[in-house]
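Here are my notes on the complex, written as numbered points. Have the structure open while you go through them.

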Amino acid sequence: MPKIKINREKCKACYLCIAHCPKGLIVIDSELNKMGVKPVKFQKKKDVDCIGCAFCALVCPDCGIEVFK
Amino acid sequence: MSKEAKKFLITGNEAIAEAAIQAGCRFYAGYPITPQNEVPTYMSRRMPEVGGVFIQAESELAAINMVFGASAAGTRAMTSSSSPGISLKQEGISYLAGCQLPAVIVNIMRGGPGLGNIAPAQSDYFQATKGGGHGDYRCIVLAPSTVQEAVDLTALAFDLADKYRNPVIVLGDGMLGQMMEPVEKFKMPALPAGRQNLKCKTDKKLWELSGAKNRKPRIIRSLFLGEGVLENWNKALQNKYRKIESEEKRYEGFHLDDSKIILVAYGTMARVAKEAMREARSHGIKVGLIRPISLWPFPAEPFLKLSGKIKRFLVVEMSAGQMIEDVRLAVEGRAKVDFYGRTGGSIPSKEEILRQITLINK
Amino acid sequence: MKKNKQKFFSRPESMYDRLTHYCPGCGHGIIHRLICEAVDELKIREKVIAIAPVGCAVLAYDYWDFDCIEAAHGRALAVATGIKRVRPENIVFTYQGDGDLAAIGTAETIHTANRGENLTVIFVNNAVYGMTGGQMAPTTLLGQKTATTPRGRDNKNEGFPLKISEMLAILDGVKYVERVSVSSPQEIIKAKKAVKQAFQNQVDGLGFSLVEVLSSCPTYWGMKPKQAMDWIKEVMAKRFPLGRLK
């Protein structure tokens with residue numbers, strides 16, 4: 001199963017990845033990062049898997065997401 | 001063996017161009033403007049012969065920035081222009097100074113301000129010696145008075161530019177650029193082979209951009225946003241300028257031991273002043289001459305030394321009075337400094353200078 | 001099984017692992033990455049000399065692991081010309097914004113293109129001056145509000161959005177011009193292809209290659225990042241049609 005890894009300290013909270021995840025698996029974290037913004041996090045959903053499309057990583061302006069397959 | 005002539009006739013502009021080639025310059029970019037057109041014309045023919053690059057740029061701005069790039073890439077690079085064109089180049093010169101890149105800029109001065117005219121003038125002294133562009137920086141300024149000296153100082157300009165990683169201005173005027181004089185034969189074939197190609201340089205430039213192969217990337221910049229960083233950079237620049245001031249002052253003095261009146265003139269003007277000095281001395285008036293060769297750093301020492309001993313300095317310029325300010329600073333108020341100058345392409349004649357000398361001598 | 005997972009997508013090697021100074025959602029970060037991806041894939045990192053512009057991207061060298069030089073505002077292509085002529089074996093590219101390339105540097109842009117210099121140009125068009133506070137750019141759209149067009153750009157006073165890529169495409173010296181955008185993952189994939197092509201052309205000695213990238217400036221467009229990306233797609237790309245121009 002593909003997997004993404006989010007570097008929460010690089011996240012500036014633009015949330016482009018959330019907008020582009022076709023499976024809706026990225027959400028806003030409630031805890032602030034060191035920059036003082038709420039970064040994104042991967043949220044597992046029942047019966048919905050990451051498909052490794054890398055859309056999130058492609059649109060991330062801050063190289064904050066890695067994708068593993 | 002055939003007896004070869006040791007000297008040959010050449011115009012100042014062409015002599016400067018060939019001297020640059022001889023000094024290892026392998027990149028020239030320029031834009032046409034009278035009275036320096038012989039420089040780009042000569043370079044367009046000569047550069048390909050030595051494997052160098054000639055570009056007629058779309059503007060003086062582009063030309064100086066091409067030189068900026070070529071210099072960053074490690075090659076000895078030059079541009080030339082005349083007064084209005086040099087005004088346009090000031091942006092690039094400031095960046096060269098800020099980035100500590102070597103380059104030679106030739107200004108064959110003409111009358112100003114504005115479009116002015118195409119006759120010889122010396123009205124860019126302030127621009128050349130006091131900065132010209134924005135920021136706290138200095139250019140080394142060399143002012144040749146003969147075509148032979150134009151050759152020698154052009155070569156020196158490249159060496160100083162590399163030595164100090166700083167732009168150097170060769171400041172001539174339309175008279176020097178246009179006239180033909182005998183100069184010593186160039187020694188082109190005797191140049192070491194390594195200097196014949198495009199990347200010729202005298203020393204290894206450990207800052208040049210060549211691609212980050214087997215080393216860390218190099219960055220050439222003049223932007224420093226961190227607190228205090230720019231101030232430290234500027235301090236380093238200023239330290240360099242102090243070193244240049246202590247080591248690179250150049251002047252020629254005539255009859256400094258016994259004169260009552262000392263003429264001060266540079267470049268073409270110094271030639272006329274020298275004639276006036278000779279004539280005055282033939283009439284028994286003890287006149288000497290200081291001819292600054294480096295306008296920055298300004299050779300202040302002889303002025304201060306002579307201040308107590310002489311009656312008057314007489315500064316003669318093809319301007320409304322620019323170098324006179326440096327002479328006044330140099331004498332620290334201990335001597336009287338007079339001025340005679342003409343502008344707009346008029347050159348003070350020997351007779352006019354003699355008249356001034358006679359007035360002072362009364 | 002888990003341990004054998006392969007990295008499928010990550011930061012390109014020639015891009016430093018560093019937080020950028022760009023605003024959230026700014027397109028510069030994406031374009032920086034695309035350049036580094038192209039450089040890595042073509043294995044030219046050791047040959048690259050980049051010219052950073054004046055504008056938000058002046059600090060690009062803080063993120064790129066190759067030689068870099070700053071150029072005065074608008075002069076990037078003159079500087080690039082100097083470098084490339086001296087070092088034809090190196091891969092020289094400029095990274096320029098709309099103000100840099102299409103306003104203050106128009107002459108340098110046109111003449112460098114017209115000389116057919118073997119250079120790569122990454123032209124970032126976000127229709128606004130970012131670094132100085134959101135003023136009108138040559139590419140600002142009609143009606144678009146900026147700090148200096150508070151009532152919206154009016155062609156009677158400010159002229160029209162400048163289609164400089166179309167202008168360049170007609171020049172004999174130009175080899176390749178393509179307009180792309182970073183408005184969506186699909187567009188970013190196309191943009192990457194174009195950027196790589198522009199570098200490949202230089203490697204092959206083909207001549208002047210320019211990629212115009214429609215990019216976002218959420219801060220000075222007064223939009224949220226996603227909204228800004230949508231605006232590129234729905235508004236900007238209408239005025240600046242995507243696709244290969246030459």
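1. Chain A and chain C bury about 2400 Å² between them, with 68% of that on carbon and sulfur atoms. Buried area here is the accessible area (1.4 Å probe) that two parts lose on being put together, summed over both. The contact draws on 25 residues from chain A and 31 residues from chain C, where contact means heavy atoms within 4.5 Å.

2. Some bookkeeping: this is a predicted model, in which local features need pLDDT of at least 70 and side-chain atom pairs count only at pLDDT 80 or more, while totals for chains, interfaces and linings use all residues. Residues are numbered from 1 along each chain as its sequence is written, chains are lettered from A and ligands numbered from 1 in the order in which they are written, and side-chain values use heavy atoms, with hydrogens and water left out.

3. Asp17(C) pairs with Lys10(A) in a salt bridge, and their closest N and O atoms are 2.8 Å apart. On the side of chain A that touches chain C, the elements giving two or more residues are α1 (16–20), α2 (55–59) and β4 (65–68) of chain A; helices (H or I, at least four residues) and strands (E, at least two) are DSSP runs, numbered from the N terminus.

4. There's a strand pairing across this contact too: β4(A) and strand β1 (residues 7–9) of chain C pair in the antiparallel sense over two bridges. Strands pair if DSSP finds at least two bridges between them. Phe68(A) has Lys7(C) as its bridge partner in β1(C).

5. Now for chain B and chain C, which bury about 2800 Å² between them, 60% of it on carbon and sulfur atoms. In chain B, the residues losing the most area to chain C are Glu58(B), Leu209(B) and Pro217(B), together 18% of what that side buries. This contact involves 39 residues of chain B and 34 residues of chain C.

6. Across the interface of chain B and chain C there are five salt bridges. One of them joins Glu208(B) and Arg87(C) at 2.9 Å, N to O. The largest share of the side of chain B that touches chain C comes from α3(B), with eight residues.

7. Which strand of chain C does β9(B) join? Two bridges link β9(B) to strand β3 (residues 67–70) of chain C, and the strands run parallel. Within β3(C), Cys68(C) is the bridge partner of Ile219(B).

8. Over all chains the salt bridge count comes to 47. Inside chain B, Asp258(B) and Arg281(B) meet at 2.6 Å, N to O. Asp258(B) sits in the loop between β10 (251–254) and β11 (261–264), and Arg281(B) in helix α9 (residues 267–282), 23 residues apart. Asp258(B) is partly exposed at 29% relative accessibility, as is Arg281(B) at 22% (buried means under 20% relative accessible area, exposed over 50%, partly exposed in between; 1.4 Å probe, protein chains only).

9. Have a look at Lys192(C) and Glu37(C), whose side chains meet in a salt bridge at 3.5 Å, N to O. Lys192(C) is in helix α7 (residues 185–203) and Glu37(C) in helix α1 (residues 28–41) of chain C, 155 residues apart. Lys192(C) counts as buried at 16%, and Glu37(C) is buried at 10%. Salt bridges link Arg33(C), Glu37(C), Glu41(C), Lys192(C) and Lys196(C) in a network.

Terms used: Salt bridge = Lys/Arg side-chain N within 4 Å of Asp/Glu carboxyl O.
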